[in-house]
Structures are given as C-alpha cells and as structure tokens.
Amino acid sequence: MTRVMAQIAMVMNLDKCIGCHTCSVTCKQAWTNRSGVEYVWFNNVETRPGLGYPRRYQDQEKWKGGWELDRKGRLTLKSGGRLRRLLSIFANPIMPSIQDYYEPWTYDYENLTSAPLSADTPVAPPRSLISNEPMAVRWSANWDDDLGGGPALASRDPVVERIGDRVRLDFENAFMFYLPRICEHCINPACVAACPSGAMYKRSEDGIVLVDQDRCRGWRMCVTGCPYKKVYFNHKTGKAEKCTFCYPRVEVGLPTVCSETCVGRLRYLGVILYDADRVTEAASVPDDRDLYEAQLSLFLDPRDPEVAEAAARSGIPDDWMAAARRSPVHDLIMKYRIALPLHPEYRTMPMVWYVPPLSPVVDALAGSGHDGEDAGNLFGAIETLRIPVEYLAELFTAGDPAPVTASLRRLAAMRAHMRRINLGEEPDPSIGARAGLTGDDIDGMYRLLALARYDERYVIPTAYAAQPGSVEEIGCSLDYDGGPGMTGPFGEASGQPVPVAIETFHSLKQRQTSEDVTHERVNLLNWDGKGVPKGMFPEKEDR
Amino acid sequence: MASDAENLLLKTGRFFRRVPANDDPRTLYLVGGREGDSFYRDRWSHDKVVRSTHGVNCTGSCSWKVYVKDGIITWETQQTDYPSVGPDRPEYEPRGCPRGAAFSWYTYSPTRVRYPYARGVLVEMYRQARRGGLDPVAAWAEITTDPERRRRYQSARGKGGLVRIGWPEATEMIAAAHVHTIKTYGPDRVAGFSPIPAMSIVSHAVGSRFVSLIGGTMLSFYDWYADLPVASPQVFGDQTDVPESADWWDAAYLVLWGANVPVTRTPDAHYMAEARYRGQKVVVVSPDYSDAAKFADEWLAIRPGTDGALAMAMGHVLLKEFFVDRQVPYFTDYVKRFTDLPFLVRLRERDGVHVPDKFLTAADLGDTGEGAEWKTVLMGPDGEPVVPNGSLGFRWTDSGKGRWNLRLDVDPLLTLYGGRSATVDLPRFDDGAGAVRRGVPVRQVGEHLVTTVFDLMLAQYGVARDGLPGTWPSGYDDPAEPYTPAWQEPITSVPAGRAVRIAREMAETAAKTEGRFMIVLGAGTTQWFHGDTIYRAFLSLLLLTGCQGVNGGGWAHYVGQEKCRPLAGWAQLAGGLDWSRPPRQTPGTPYWYLHTDQWRYDRFDAGELCSPLGPGAFNGLHTADLVARAVRSGWMPMAPAFDRNPLELGEAEDPVEFTRRELREGRLRFAAEAPDDPRNWPRVLTVWRSNLLGSSAKGNEYFLHHLLGAGSNLPQPDPDAPRGKLDLLLSLDFRMTSTTLFSDIVLPAATWYEKHDLSSTDMHPFVHAFNPAIDPPWETRTDFDAFHAIAARFSELAAEHLGVCRDVVVVTPQHDTPGETAQPGGREPDGPVVPDLAVVERDYGAVAGKMATLGPLAEKLGLPVKGVVFRPDAEVEWLGHSNGLAHNGSTRGRPLLDTEAKACEAVLALSGVSNGRLALQGFAQLAERTGTDLSELAHGGHRIVFSDTQARPVHVASSPEWSGKEAHDRRYSPFTINVENGKPWHTLTGRMHFFLDHDWMHEYGEALPVYRPPLDIAALFGEDGQVQGGIVVRYLTPHSKWSIHSEYQDNLIMLSLSRGGPTVWMSVEDASAIGVADNDWVEAVNRNGVVVARAIVSHRMPAGTVYVYHAQDRVVDVPLSERTGRRGGIHNSLTRVLIKPTHMIGAYGQLSFAFNYLGPTGNQRDEITVIRRRSQEVRYQ
C-alpha cells in the first residue's frame, strides 16, 4: 500500500427521494442564477424513466463521454485519443447543443403592470433568454418530470432502449423514481483528462474536481469528456463551469447546499479513503460488470491499522482519519453494501453513490398481491417490484442485477425486522441473516437511514491544509480571445469574454433594483463583437 | 494508458500548466493556488443571514435563512435549528421545499408590484370630481352612483390600463369608498378576504382588525377552500385538529388516502419515508400513480371520488370480523367510552317499518330539568336507561358543573341484540337514491322504541346477525348489497380481496399496537360535494379501531392550514374584540354563491339529492332558498344581514326592539332573500395575502361577470342578473395576479422577507418569526403599514361623515358557546327565527387609534377560546410595559400595537400555547366543569416572547386552545386530552359521533356513514354528454408540484423546472382519442368557462380523468381561446359553487356556526369537462 488519498464523497438514498427538486433550486439560487448559465443546473433531478438532462446524456455512442478500453485493454477516452483531440481542438467538440439542454426563457411579466387599457386581460407570454424573441416552450430543465416516462419519451430513454421490453409503459405497470445528480467528482475523471488547458483538476486534499476559471480557455473538451454531462459552458464568460461540491462551505465543515437543503434527508457526506495507485488498474478491468467491485476494492478501511499508517505517510491528517472512521458514506458503501455507483461502466470511478429505491409490488393492482412486509414474501417480492431491477442495474452496476437485488433485499430485511419490533413481537434473526445482515447491522443501518441527524449525515472534517483563495481577479488569458473555430451553440462568438467580476452583487443590485424592466437583454448569440450593446453592462445610476 | 505518443503529450502537454499529476498522468491533482476559484468563494460570501419564512396558505411553516449581500436578498436556504423531537426519531431539520427555496425570486422580479396602481379611467374620474370641488367621499359617491361612469370603470376591470398613483391618493380613494359605503349602504357591505392566519398571523390580523372595527365582515376561507372537512365538526365537534408530522413516525400502519405527501407536504414527507424503515406499512390510495405511490407497499388505484365506497366496505369487514365474529377488548372498550355507539336512538315509524330518528334524551325519559333535551342516554347492563355524564346538557348548565366528563358509571350495552327486533329502512345512493331494509334489535323505553347507534351501524354496513329481519348480504362476495367488498369492486375498481386484506391489516395492527393506525387524508378525498360522507367513512375505520386520540393513530387531515397555534391572541387582535364585540364573520361559500349569482345557474331541484326516506322538505326548492332558510333559521350569518343599513336600524331609540319589530312586521327583510337587490350588494371588497380571482374562486367566470362586471368566458350569461355589484375591489399584493389585474386599486405589499410576523402550523409544534431581511423596497409597504395608512385616512374622513354610530349586528348561535343549545332536537324551525341582536357603538373617527392599541375589553370580558375564557389582566399590564402606552386620544393608557413586532408580542402574550399562565387558567375552568384535575397539563411558568421566536423556532405548550398534549417527550396528536383525561369532545353526546340526528341530516340520508357517489353533473344540468371532436372527462384540480402554497405558478424558476405554463395532465388513452400529443395545446370547455393549456400525456394517469393542477392563473402563457376569442381562464374557470345544504345546519350542538368551523364547502371535484385539441397556432392578443 503506497499512496492513500482521501475524498469527501456523497451517497444519496433514492429510496427516500421524493423528487421535490429543492436541491436543484437552492443550488441554482446559490450558484447559477446569473446570465451565461441560465440553462445550467449543477444539481438536477431526473424522473426515471426519462431522457435526463441534457437529453439522452447516457447515450455515450453519441456523446462519447467517459473512458473505454482500447483493443489492448488500455484506458482511453471515448472521445478519442488525446492526439486526435488535440489536432481537432479548434473544431466543434461533440457536445450537446442548447436544445439538448433546453432553451432558457422568461416571460413578458411587465405587461401585467404596464399594459394599456385593451380588449382583454394582460398576459405574460414566454420569451427566449437566448434570442430575446417570443418563443414556444418545448423543453425545460425538467420536462419529463413525473411522467414515468410517458409514451413519447420513455422509449427514447437510453436505459429503456437497452433493456427493451422489460419496461412496460401502461397504467397498471407504471413506475417512476427520481435520480438527483451532481458532478460525480470522479476518482478517474474524464473531464480532467480531456482538458487541454490543464484548467481542470482534482483537489488532492478532498477530491473535489474543479475548473480553474483563470486557466480555462473554453475548449469544451471537458463537456465532451464528462459522460454525466456535468460540466457546462458559460456562454457569457466562455468558460467551463461545474458543480464545485460547494467547496467554500465544505472547507469550513458545512455540507453542500444540495445536502443541507435536502428535505428528504437522503444525502450523506463523508470521507472515503482510497488507494490512489490502484486507480488505473481498477478502472481497467475488462468486464464492465466488474467495475463496481473493482471500485470497492480501491476503498480502504480507516479502522485498519495498516491503512492508518499508510494514510499518515501520505499526509492525511488525524482529524480526517477520525472523520473517515465516522463516515456514513463509507458505511453505506462498504459496511452495509447498499449504495452503488452511477454508471460504473463509464470507468470514471464516480464518487457520488446511490441506494436504489424500493417500490410497490407490481401485480398488486390486479390481483391479491404480496404483502411486502411479510418476511415469507419479502425476497420473492423484490423481483416483482414496479421499478424493474434491470433498470436499476443498468444505472448502477452495468447491468448486473445481483448487487441491486442484494441492496434491495437488505432494505427489505431491515423493514421486516423492524416491523416485528414495532408491533411488539420477537425479532426474527433469520430475516436479516437471509440478506447477510446481523441484528447489529440492521440496527446500524436503521439508525443511519432513518434517524441520522445533521451531524451524522454530514461528517466533514474542517481542518484543511488549504490556502484560501485570493479574491483578486486575474485577467482573462489571451488564448481565448477570438480564436478561430469559436463558434458553437452558446454564443462564444460574442467577443471578449466578460470577466467574472462583472457578476458582482453590485451589478446584480443595479439590475434588480432598477426602476424599469427592460427588454434590452444582451443577445450574445448574434452580437458581432463591435460596440457595447445596451444592457451588457449595468448603467451608471445617480443615487 | 493508451499510446506512448499520447502519454508523451500528456506529460509535456498539460499545455499550459505544470502541476503534480498522477503517476500515470491521467489525472491532475492540485493543492492550493486556487485563485481562479475565488469567484465561487466571493459568490458564497454574504453580509448577513436573517430568519424568516413564507406567509400564506402553506402548512409548511418552515424557518428559512435569507441571505443578504449589500442590501440585496440573494437567496434562501432552510434553517436546521428546530428543537429536538426526541432521541429515537428523525428530527424536523431541514424543513422547506423548492417553492420556498425559489421565493426570493419575487423580491426583484418583473412581476413585483412596486408602486400603488389604480385603473386609469377611475383615477381620471375621481380626480375630475375632486377638481370639481367635491370632497373625497362625495367624489366617490358621484362616480359610483352614476350608471354610465360606474359602467365605464367596472367594464375596464382586468383589461390593463393601470396607472401609478401615490399612497396619499390611493388611501384617500380607499377611505372615501369605505366611508361612502358605510354611510349609504351599511358597514356590512364592506368585506375583507384574507386566508390562513396561521402562516402570517399579524399580517392577517391587521386587515381583519380594520374590517372588524369598522363593522365590515370577514369572509371565511377554510370552508370556502373546501379544505374544511365538515366531517370534523360533525364527528369531533372540532374545526380540525391533527397530529404533527413527526407523529407519522409513531404509526405502525399508514394510509395515504387522496394525499400526495411528497408534493403537498414536502418538508414532512421524510417522516413517511423513514417510518417505513421502522417497519411501518404504507398504503397509497390514489387514482394516479402519484409521487406518493412510489413509497407505498401497496397502491390502490381507485376511481376518483369513490373512496367512500372502499372505506365503507372496509368498515363492513371491521364490524364483521372484529365486533361480531369476535370482540377485541381494546376496540370494544374504546368505542364504549369515546364514541356514540352505545347511545340510544329512537326509531320512528314510516310506511309500516321504521327509520332512525333522534337520540333518546333525558327529556324523553321525563326529565324536565335544565339541559335535559341535551342529555343523551345509554343502556345499562341491566337494561335500564342511564344518562351518563359528558353530553352537552352538562356543558353549559349550572347543574352540569363537575359532570361534563367521560366517566361511565356503568358498562353500557353496545348492542340490544338478543331480544326484540324491528325493521328499519336505510337510504342508499350507490345506484340512484334507494333504500335497504334491515333489522335492528330494539327495546321499548317508555313510549319510545330504541336501538343503539352500534346496532344501526351494523344494519347500515350490512353486517348480518342471526335472527334479524331484512335483506342482508350473503357474504363478502355478494355484489348486490351494500357494503360488501364485492359490492365496492365495480365502483372503485379495487379488487374485493385486497379491500378485505387491507381492512384486516389495519385492524390487526391497531389491535396489536393499541391504535397506531393512521390515515393521512388529502384534498383528493376532501373536496368533493360529498366529501363529508367520504371522511365519515374513513373516520369510522379509525374510531372502530380505537385510533383517535392515540399517538401514531387517527386521522391526519392536511388540507389547508387551520392551525394558528396562538389562537386566542390572534382572535383577539383579528376580531378587534378588545374594542367591540361581536365582529361580523360570514361563511365564504354562500356569500359568493349569492353575490356572484352562481345561484341563478343552479337549475336543479334541491330535493334531487335527498334521501327517499326523508320528509321531502327540500322538494320544489332551490338551493338558494335553503341558504335563505338557514339564515332565517338563525343557523348561519350572512352579509349583508338585512336589506337596510344596520346603522339606520341603530338610530332607533331601542335598536334591538326596533329591528325585531321591523322584521316581525315584514318591513325589514333578510338580504339573503333578495341577493340581487342593489341594496343587498356587497360594495367594497379588500383582498390581501390572497389571489382570490386567480386561485380559489370557484366559478371564476361568474365572479368576473356578475360581481365585477368585467368581461368573462361565460357561455350563456343570464341577462336578468345584475353585473358589477362591487364599487371597489382593492388588493394588496407583491406580485401581479388575476386579483390585482381586476382590482380597481392595487397596493404594493412587502414580501415575507420584508416584515415581522409569526408563523405556526399543524405540521410541527413550533412557533417562529418572520424578520425583515431588507426594508420594503420601492414604495412597497407591509400589510400592517398599509392598513394603518388606510385607517388613518379613513378615520379623518369618517370623523366628519360618520361620527359615532350604533350598529345592529346579528348574533348567530355559535359553537363552543351556550348558543349551541339554541334549538333542541335538531329540528328546522317552522318559520323565521327572530335573531339575537347586539348593538355595537362605532366611533368611526377613532378607528385608527383603536387599531394601534389594545382595547379594554381584553381584560374586561376576557379572551374566549373553545368554551373557556382567559383573563389576561397581568398580560395587559405586561404589554403596557413592554410595548409602551398610548399617550393621547381616546386610547390613552392602552398598550400600543403600533408596530408588527408589538402585535406579535401581544399575540404571544394573549395565547395559552405561548403563555402558561393563561393555559393554566383555561384548564382550571375545564377542571371545574369536568370535575377532573387537569393541572398537570400546563405549567404557569411557560412563556414565549417574540424575541424567542426570532432566535429559533420555539416549542409551544399544551393549552385548551387545542385538544392534544404538547411535551418534549411526546409528539402532538389531537384528542389525547379527551382520551387520557376524560374530557368530552365538543359534541352533543360529548363523544365522537357516528350518528347525526338533525332533521336535515335525515333529509339528506346522512345520519349514518353512507356511500354517496360523485355528483352526476351531466344529469343534474341536463347535459347529454355528446361532443364533437372532444371527450368528456372528469376534471380534477389537485395541488401542483410547482406552485402550491408558499409559491405561485408565475415563478420563473418553478416554470423552468416544469412545463413553463398551464398544463393539463391526461392519460395516453384520452389523449389518443382526441389526437393529442404531449405538449399540444388543448381547450377544456364546459358550461362554466374555458381553460386553454398544453397537454402532458402520461400513462401514470388513469383514463377518463384529467388533472389541471391548482392555481394556474391566467397571467402566464395563457393564449386566447378558440371557443370565445377571449383569454383562457384559470383552473377554477371550469368549476362552480354547489352548496350542500347539510353544511348550513346551525344552532344544534357541534352543528353550530363558528367562523371557519362550519359552513358549506366550495367543493369542486365533481366537475366534468369536454376536452379537445385546438389549433396549435396560439395568439396572445
């Protein structure tokens, strides 16, 4: 054992997700409610089955995200070798268009107050935030919410395409569940590898993957490289942006915004130790279905004295080790083995894991059904849950149903065990045993899944050896300006990138408190770069 | 790694940066030096974080952190500092939802109302009149009494043309309109509408206080919203009292019935998810595969509106297997002590057999003492009738003192089985109105043939016993006889076997856990015309299994927000009770029914929905006749009361006597008898904290057409009905809605992040504060400041024009007062009842002063709440010290209420939940009445002051204001005081009622729990259901994921996360029948109006039903309709008010009026519509 690294990882318990999107909204409000990133949701929640955001992002035959093994079994970016990408750096990368995300819009709200006396009631029709023209809303950040797929859309869900007729889209068989997604902060991030500028990096102290806003040249290779499509392009600054794992909060021991505001209480944050030297080996196992186990094999037991020693050698501080030993994420992944990685077959070694969801028994609608609480039916029922195990397996285990089934059985066994206690009956140890759990295991799982308080859900060490960033803004680099081939969907041709400082709260203040609401939004798509269009910069105001 | 060449490139070619990389240079690690990331650090930084929340019609009452930077509100996240609810259960943190998290968008949004606005044509006319030398009141009078000018500004309502005006001019016009109306028509022609005090107690109270002090009427909302479960007053004698969400955790069996908890109770849904891990079984009953269904162990896909049938069949199983085939001691003991099941009911002969009639009372036994007609009777084990303690006859009588309790000195018989029997006819409605004939065991008591409620229940539910006459089901599989499991299957589509199994599981769980079976009820089952019968069928399951008043058990009705925990203090301020009593309060539904002329479009006989076994008292009558009868019978107040100005009545030497004489001699009429007479129109309506016209207004187009005189989509307006009744529609809001668009004057309101206030809810046991993160920007003002500004100008004008007047106010017999024993026997009076009247002196020049101070009646008359009276002498003195005293005018020496914070302080000081001294007083009074020691329930030292709530949510304490216990070691569950301390329910028997014996309940066939199907609207309105190019579907308006409660449908963030405009959810089958694809524009049309929306097509929807989610207003992305060429309507453009007469019963025990306690519901679920694809080219102008 040579090099131990520590990462703050996340687990989301999908069995508790209510699909409320509070995480999306608080994240959006805190980080991306500014121009250039109107369409960007660092955190989004998808109804499954469904197309996702951006649409069909899981179709890597099209989007070329993540890694694959070449003929010699070596890891290579799916988007092609570096050489090829370097040579084509000025060409359009393979990346979603704004229509694959959605065309952000607003409404002519001001009509409501300012409409003159007219024939009918004033209304606020929609208007594009990209073109500033009236538009018809045809897709949104979460268009297929709660559809359970819907006839027109579900069949195009890449997962449904893979498992075909296992998913039946009729009323009796309806199912859905929610999949909240942030950046996976992968151990083997394809976005970082794809960046030609060296602007993307993984922080060694906590594993957070970031874009250096100074270094980013807007090549957008990262957007292609990320198979989860969680790197976005700011069409105002011309730079990549992504989920930061709320590092300004995490650094001081606060959970990410999406975690703290999760009213389903389904998110867990904690330290995971892994063996950094075996990442390549693990990410290169030939069979996609072995990647889950391979990634598990990277994770180290913080209670193991050898690990502790190696960690100390690797410079991991004591409080991080203490946090690692209390890590709810470690327990959900390693101890209880109920959390699974999202799309391990992308070979990026994602670090946001999921507990799969239970659901009602499917044949109950028509017939007498199973009683899912009855221990006798319990394990048989897993196969007849509305959410097909195959669907979950495609998401979490590259199609291998066994780990998903095992996880669901543990959840079910916990419920059956606890029900006996709840009803004042004698516990039956055989229930847990059939799912590979002892009574103590169930007790621990139960406490973690049902009760865990704020400081048990989020175990974040605070003592970083970090150097807090200077707030001084560094000017934008030369390489960006007007480079050839800088055309694309987001209006990169709109000239000089705007320093991020333009988005200060003072400009926000000016815009938000001005007397008038204006239609004069900046049309970055069509601006030829000459002159300063009205609305680009805040007007000076005498106050 | 791939190729050597690439490796080389990687090593050298991180083209621009040298950093430590992984050994294989695939991954770049970086420590420190992260200046480039300073942007995010900078963005995260902020100057302060302020605690606040959101203040209208949301049960959430979530505390929020509002972030402020440079004086700008930037965003909000949830507070996580709720007090712990115990070591072995999940905590409340965090509480919030996406709607709340997006609220700050409104602060600076382009839909924000930044200045006062008024309709240009009105302003011009007003200014012209003023320039002509008229004073404000005369100017207003001139405009509004001139038919041409009146028509001009009324017809411009809702059509734009708003102009900015200043606050002085706005308040002057408003004040002038009020003064003119009071002077010319009467103060009860002024109305205020603002819902849900709990969510922003002071913002509600301040406007209500103004309206009440001038003699205007406040309109109820809980019943109007159809959120009031009328079954609650009927069964419990309580408005609504429910467990906090943390008590779901205690349930061992949880049924979500018509409730979509993840969407509508988002902050609390985790308790449901987590309790499953504790082994709770969850059953979801819902027509669609809802968000909640994902969490269920079982999903019962039920046909909309048929829930009562399933519950009745489950009740059949419970009664048969757990009461007849065998007895469960826990259940039997419970129903004997806490329900009316053992009480005796007289049978009445009808057509040679019998029908149930009235409860046997002590008066029937010959007792002529006080309250004898209100003392119900049971049968002792020796077959002798016994008058037990606890019935209403013990509640208000001197002799009842110490005996209003649930102690049973005998073990009453539950059934009279084993001797004689009689045949009874019982109504059924499942296949049209009919009857079943079944036998009950009987005894003769004096001249009365009696049976027990329990025996009637078995007959009603069809549970056979050997030897009883009549027609009985042959077994569970008998589909012909109600209420077997097989009978319900074709109605509900739930397989009979599942109904049986789940009923058994409910009962077995309840038996094992002594009552930890809970039903979470939602608007999907409440808001039907017969929602009360659906609920009674549910409640029967819970009562029979001993679940009510038990932690983890009972009903959990979360529809609307009834729980203003500091109730007594709020009521005092909101009613202006400290200065004058009684305030005018009117049930909303019949008010709107009459004044929007929806009654004219009811073209069916009121007898049509009656029981065939009733006396037929409604036959040949119109529902509006029944409204008038309810008013004349003294059951229900109405505004206006009479067809004359009550101030004019007050001018008589003896106003009470004069008014009575005028009534008796027919010169004075009840206004409800002629609602379209201009003398009886409402003239001024103020709406705040509400979007009445874009949300709750059932029959929206009738509001626009008749009440406002604006344009509408009514297909066939009644040409004989008046248009434009209101002289002034005033709204206060911070965003543009249908209500502001149609208002004559719009005042710019502060948002929830710009004021002080208090919040509480039924979902959690805390009270916490609103605090201003910023001052109200532009020219916005808090509701508090706005109403004080109006009151100040009003007082100036009124001093001159009105002076001091005497106002004659009708006093309606109220629940929880001795008035509830006004009409013994539950009989409809033969003719008009001369009402009780009160004379209230109104010093109109002093209104502003009174608004701003706490009046002397607080300590002189005390604070009445739920039948007890707090005496706040020490509190008033304390408030004087804390808030300061008024120094001049007629209010000199009174404690000040001149800021929101001081009003918050007063609310907390004057309520038992936040002031243990008052709670102790109340419990002492109850102890005297019940003869039970209740002193352990409260602690005199408990006290919450406003600054406590600003620091952190604070746990309230037990108080007679509510029926359950509050403690750090247990969760709130209603009626635990009743069950654990033997305090009676506030009902006729003092127990929970299965049987309701009022005349009108018999008339409607609802004396016992019964299944009533959804109304056959097509038949009632004589429609043939033939449509070209469209299909007829059931039209439901459930609460939306993207706009409920703390949020509105116009929020850009929510719209970006959904479909960006009005939508209608439909099944794949229905969509394909009319050629509609996902996102196609469709139109839904019926006799009430038009909705234009885009279709969302999903197989999780059942065929034959569409959802148009609640509160989709006409303001965002609503094009012109093809049908009318006018702007499409709101979700309530297709609905209308249908009044259920039984909701108007009054003056009879728990069936007595109280504000928001009992009144007809504005139900809207029975509606149908035709839906069709329309041209995909839409136009907005």
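A: A salt bridge is a side-chain nitrogen of Lys or Arg within 4 Å of a carboxyl oxygen of Asp or Glu. The model here is predicted: local features need pLDDT of at least 70, side-chain atom pairs count only at pLDDT 80 or more, and totals for chains, interfaces and linings use all residues. Residues are numbered from 1 along each chain as its sequence is written, chains are lettered from A in the order in which they are written, and side-chain values use heavy atoms, with hydrogens and water left out.

Q: How many salt bridges are there between chain B and chain A?
A: The count is 13. In one salt bridge, B:Lys512 meets A:Glu425, with N to O at 2.9 Å.

Q: How many residue pairs are in polar contact between chain B and chain A?
A: A polar contact is a pair of N or O atoms within 3.5 Å; within protein, one must be able to donate a hydrogen and the other to accept it, and residues adjacent in sequence count only if both atoms are side-chain atoms. Chains B and A have 55 such residue pairs, both residues at pLDDT 80 or more. Helix H2 of chain B (residues 38–44) gives the largest share of the side that touches chain A, seven residues. Helices here are DSSP runs (H or I, at least four residues), and strands are too (E, at least two), numbered from the N terminus.

Q: How is the size of an interface given?
A: Often as the accessible area lost when the parts come together. Buried area is what two parts lose on being put together (1.4 Å probe), summed over both. Chains B and A bury about 13400 Å² between them, 56% of it on carbon and sulfur atoms. In chain B, the residues losing the most area to chain A are B:Tyr40, B:Tyr277 and B:His1099, together 7% of what that side buries.

Q: What shows where empty space is left?
A: Rolling a probe the size of a water molecule over the atoms. A cavity is a set of points on a 1 Å grid over the protein atoms alone where a 1.4 Å probe fits but cannot get out; lining residues have an atom within 4 Å of a point. Grid points are joined across faces, edges and corners, and a volume is the space filled by probe spheres set on the points. The largest cavity has about 510 Å³. Of its 36 lining residues, B:Val56, B:Asn57, B:Asn691, B:Ser695 and B:Tyr1048 are the closest to its centre.

Q: Which element gives the most to the lining of the second largest cavity?
A: H17(B), with three residues. This second largest cavity holds about 410 Å³.

Definitions and conventions:
1 Å grid on protein atoms, 1.4 Å probe; cavity = no way out; pocket = protein on both sides within 12 Å on 5 of 7 lines; lining within 4 Å.
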